[in-house]
Amino acid sequence: MKMNSKWLLLSLSVLLTACATGPVTVPITVQSDPLGSHVIYKLPSTAEGVSGDWVYLGKTPIDLRQVVDGDELKKAQAFRVKVFKDGFNDQVRDWSEDEIEAAIEEKGHIFWNPKLVPNGS
């Protein structure tokens with residue numbers, strides 16, 4: 001398993017540093033409290049007025065490999081994930097390119113387990 005995560009890290013590093021990258025696979029695991037929360041992501045751009053589109057990943061718990069455009073990932077200010085559920089405040093987290101690489105090297109994937117706070121409605 002350790003060899004597999006090193007291979008993923010090497011592959012992601014090569015793809016992120018190439019001039020014209022193709023698809024990049026980002027391994028991501030999201031839990032939540034409560035489970036059954038919706039998970040979406042986007043690649044917000046550093047360009048003025050460009051925010052990127054949200055992409056639906058599913059309901060927690062999720063454990064998947066999301067294919068993203070390597071050029072967009074390289075240009076993005078972050079890989080942004082939002083977890084939300086009716087009756088709770090949304091939770092948002094950003095990963096930089098370096099944080100993605102570090103997470104894959106350490107754990108083999110991006111991992112997040114947000115605790116959603118009731119919004120009082």
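1. The side chain of Thr60 lies 3.0 Å from the backbone nitrogen of Gly36, a polar contact (a pair of N or O atoms within 3.5 Å; within protein, one must be able to donate a hydrogen and the other to accept it, and residues adjacent in sequence count only if both atoms are side-chain atoms). The Thr60 side chain also makes a polar contact of 2.6 Å with the side chain of Ser32.

2. This is a predicted model, in which local features need pLDDT of at least 70 and side-chain atom pairs count only at pLDDT 80 or more, while totals for chains, interfaces and linings use all residues. Residues are numbered from 1 along each chain as its sequence is written, and side-chain values use heavy atoms, with hydrogens and water left out.

3. Thr60 sits in the loop between β3 (55-59) and β4 (62-69); strands are DSSP runs of E, at least two residues, and helices are runs of H or I, at least four residues, numbered from the N terminus. Thr60 is buried at 5% relative accessibility, where buried means under 20% relative accessible area (1.4 Å probe, protein chains only).

4. Beyond residues up to four places away in sequence, Thr60 is in contact with residues including Val30, Gln31, Pro34, Leu35 and Val39, contact being heavy atoms within 4.5 Å.

Definitions and conventions:
Buried means under 20% relative accessible area, exposed over 50%, partly exposed in between (1.4 Å probe, protein chains only).
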